[in-house]
Structure formats: structure tokens, C-alpha cells
Amino acid sequence: MEIKVGDMAPDFQAMASNGEEIKLSDFRGKYVVLYFYPRDMTPGCTKEACSFRDHYEQFKELDAVILGVSTDSLERHQKFVEKYSLPFLLIVDENHEICEKYAVWKLKKSFGREYMGIERSTFIIDKEGKIVKVWRKVKVDGHVEEALQFVNQLAGNS
């Protein structure tokens, strides 16, 4: 089922890159930037993660938390965080359960081959746990700035 603006964000419990179990509902009272990406250490995903890293303090000032989700293992997430000094949590979704809850687990095509994978997507969740913005088929260039601008407006700044 497609997730849309106005829906309550589906809660989940999963292992995070810090080695702790977290729940989405743990972040109620803050804005959440929940972004889904295909793979750690790949060019587009690294560029996106580093862009979130570079704007991390600005999101934090707006009372926003960044959470990245992919199907990579805890060990791979930890290496990715370490290699690129990522200051936010990456969520382990090896069984793609969270991806399915957010309808980002899709049939993809590459070089004539079909396979299931993550459609790069970002969800902004308000302090009450409601989806207030959805981007699907995200293009990395300029996306983090666009998300930051949206959270800025949400927080009442212009």
C-alpha cells in the first residue's frame, strides 16, 4: 500500500548502526527525515549520505533527526558510518520489512535484468508521527537541500 502525506508513519523496530535496537516512535517530538537508499558504499548512496552529513547540524538545529534505511547488514552500515563520518543512524532492514511498509521495495530494471530493490525515497515525518512530505525516485543532486528547506518551513522558518 502506498504511503501518502497525511498518513501516520508506520512504526518499526530495528537494529541501528550504533548497535542498538531503535523504534521510529522513539523519535516522537522531533521531525524525522527517513530516507531509503539502495546500498552502502555505492557512488549515489555515498553522495547522498555525505550530503546529509554536511547538512546534519542544520537539520539538528531544526529539531530534526536523520535516519537512513537500506538492506545492508549492521557490519556494512558500521563501516559506511566510520568511513564517511556519518553523524546519524543507519537502520538495518536486511529482510526489507521496513521498505515494504513504506512501499519502497520495488521491481527494478538494470541492463535488461529485473530484480527487487529499494527505490530511493525520502519521507518527512512531523513531531506527532504523521507523514508530511514524500519524495519518490529521488535524484541525489540537490535533494538534501530541498529536504532541509522543507523542514525549515515546517519548523516555521522561511
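Mentor: Let's start with threonine 122, which sits in strand 8, residues 121-125. Keep in mind that this is a predicted model.

Trainee: Why is threonine 122 called buried?
Mentor: Its relative accessible area is 0%, and buried means under 20%. So threonine 122 is buried.

Trainee: What makes the pairing of the threonine 122 and histidine 143 side chains a polar contact?
Mentor: The two side chains are 2.7 Å apart, and the cut-off for a pair of N or O atoms is within 3.5 Å. One atom must also be able to donate a hydrogen and the other to accept it. That is why the pair goes down as a polar contact.

Trainee: Which residues does threonine 122 touch, leaving out those up to four places away in sequence?
Mentor: Val33, Leu34, Tyr35, Glu48, Lys133, Val134, Trp135, Val138 and His143. To touch here is to have heavy atoms within 4.5 Å.

Trainee: Why does histidine 143 count as buried?
Mentor: Because its relative accessibility is 2%, and anything under 20% is buried. Beyond four places in sequence, histidine 143 touches Glu48, Thr122, Trp135 and Val138.

**The chain as a whole**

Trainee: How do you know whether the chain agrees with a compact globule?
Mentor: Check the radius of gyration: for 158 residues, a compact globule would come out near 15 Å. The chain has 15 Å, so it agrees with that expectation. As for its extent, the C-alpha atoms fill a box of roughly 45 × 35 × 30 Å along the principal axes.

Trainee: How much of the chain counts as buried?
Mentor: 47% of the 158 residues. The accessible surface is about 8,100 Å², with 48% of that belonging to carbon and sulfur atoms.

Trainee: What share of the contacts joins residues at least 24 apart?
Mentor: 64%, taken among contacts between residues at least 6 apart in sequence.

Trainee: What about charged side chains: how many are positive and how many negative?
Mentor: There are 23 positive and 26 negative ones, and the centres of the two sets lie 5 Å apart.

Trainee: What makes the phi of aspartate 63 worth a remark?
Mentor: Aspartate 63 has a phi near 65°, which is positive, and it is not a glycine. Most residues other than glycine have a negative phi. Aspartate 63 is in the loop between helix 2 (56-61) and strand 4 (64-70).

Trainee: Why is aspartate 63 called partly exposed?
Mentor: Its relative accessibility is 25%. Buried is under 20% and exposed is over 50%, so aspartate 63 is in between and counts as partly exposed.

Trainee: Where does serine 85 lie, and what is its phi?
Mentor: Serine 85 is in the loop between helix 3 (74-84) and strand 5 (89-92). Its phi is near 50°, again a positive value in a residue other than glycine.

Trainee: How do you know whether serine 85 is buried or exposed?
Mentor: Its relative accessible area is 53%, and exposed means over 50%, so serine 85 is exposed.

Terms used. Residues are numbered from 1 along each chain as its sequence is written. This is a predicted model: local features need pLDDT of at least 70, side-chain atom pairs count only at pLDDT 80 or more; totals for chains, interfaces and linings use all residues. Side-chain values use heavy atoms; hydrogens and water are left out. Helices (H or I, at least four residues) and strands (E, at least two) are DSSP runs, numbered from the N terminus. Buried means under 20% relative accessible area, exposed over 50%, partly exposed in between (1.4 Å probe, protein chains only). The radius of gyration is taken over C-alpha atoms; the globule rule is 2.2 Å times the number of residues to the power 0.38. Accessible areas come from the Shrake-Rupley method with a 1.4 Å probe; for residues, only the protein chains shown count as cover. Lys and Arg count as positive and Asp and Glu as negative; His and the chain ends are not counted. The place of a charge is taken as NZ of Lys, CZ of Arg, CG of Asp or CD of Glu.
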